[in-house]
Amino acid sequence: MAKNVIITKTARKKLVQARAGIISLPKIVGMAFGSGGVNSKGEVVPPTDNQTTLTAEMYRKKIDGYSVLSDTSIRYECTLTESELAGKSISEIGLYDANGDLVCIKTFTAKGKDDDIQMTYTLDDVF
């Protein structure tokens with residue numbers, strides 16, 4: 001998996017419980033966007049697997065869809081419209097499941113979101 005991307009402990013707990021038949025695994029339904037992926041110097045802060053939220057979550061949106069990249073990798077995609085998060089800087093994203101739990105988090109350098117463009121974010125779920 002790429003640097004600064006983690007699968008949360010919450011997700012791993014659900015995976016082992018689903019394998020045992022204790023629960024049904026909820027599907028990934030959306031992407032969360034935040035501004036807490038960098039420190040005050042603008043340096044990327046790696047997420048931790050203990051996180052249950054983004055550091056500074058601003059918005060959640062249903063995913064546009066996904067692409068199967070391989071037997072062990074799926075790419076999820078989510079597009080912000082012109083008005084969504086306009087004027088904000090985004091430096092962290094996460095995938096959340098049907099229960100609202102974050103299952104994957106990625107941090108990166110801050111990207112400014114203008115009010116006259118759409119921005120599409122992708123996040124690969126890799127095992």
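So, helix α1, residues 9–20: in this predicted model, that helix lies across β1, β6 and β7. Against β1, the helix runs at about 35°.

Five strands form an open sheet, and the order is β1-β7-β6-β2-β3, with antiparallel pairing. β1 and β3, the latter being residues 57–62, are at the edges, and each has a single partner strand, so one side of each has no neighbour in the sheet. From one strand to the next, the twist averages 20°.

Let's zoom in on one pair inside that sheet. β2 and β6 are antiparallel to each other and pair over six bridges.

A hairpin of two residues takes you from β4 to β5. Here the handy landmark is G65, whose bridge partner in β5 is E77.

On to the packing. In general, nonpolar side chains in soluble globular proteins tend to be buried together. Here the largest nonpolar core has 20 residues, and the ones touching the most other members are M31, F33, I90, I93, L95 and Y121.

Leaving out residues up to four places away in sequence, I90 touches F33, G34, M58, L80, L85, F108, T109, A110, K111, K113 and Y121.

You'll have noticed L85 in that list. L85 sits in the loop between β5 and β6. It isn't a glycine, yet L85 has a positive phi of about 60°. Is L85 buried or exposed? Its relative accessibility is 12%, and the cut-off for buried is under 20%, so L85 counts as buried.

Next, S91, which is in strand β6. S91 is a serine that counts as buried, at 1% relative accessibility. So what is around it? Again skipping residues up to four places away in sequence, the contacts of S91 include G34, S35, G36, G37 and V38, and also K106, T107, F108, T109 and A110.

Then there's I105, in strand β7. I105 is buried, and its relative accessible area is 0%. How far apart are the C-alpha atoms of I105 and I6? They're separated by 5.5 Å, although the two residues are 99 residues apart along the chain. I6 is also one of the contacts of I105, and others include N4, V5, P47, L54 and I93, with residues up to four places away not counted.

Last stop, the largest pocket. Its volume comes out at about 390 Å³. Which residues lie nearest the centre? L25, I28, Y76, D125 and F127 do, out of 21 residues that line the pocket. As for the elements around it, α1, β4, β5 and β7 each give at least two residues to the lining. And that brings us back to α1, the helix lying across β1, β6 and β7.

How values were computed. Residues are numbered from 1 along each chain as its sequence is written. This is a predicted model: local features need pLDDT of at least 70, side-chain atom pairs count only at pLDDT 80 or more; totals for chains, interfaces and linings use all residues. Side-chain values use heavy atoms; hydrogens and water are left out. A nonpolar core is a set of buried Ala, Val, Leu, Ile, Met, Phe, Trp, Tyr and Cys residues joined through side-chain atoms within 4.5 Å. Buried means under 20% relative accessible area, exposed over 50%, partly exposed in between (1.4 Å probe, protein chains only). Contact means heavy atoms within 4.5 Å. Two strands pair if DSSP finds at least two bridges between them. Helices (H or I, at least four residues) and strands (E, at least two) are DSSP runs, numbered from the N terminus. Axes are lines fitted to C-alpha atoms, for helices over the stretch in contact, and angles run from 0 to 180 degrees between N-to-C directions. On a 1 Å grid over the protein atoms alone, a cavity is a set of points where a 1.4 Å probe fits but cannot get out, and a pocket is an open set with protein on both sides within 12 Å along at least five of seven lines; lining residues have an atom within 4 Å of a point. Grid points are joined across faces, edges and corners, and a volume is the space filled by probe spheres set on the points.
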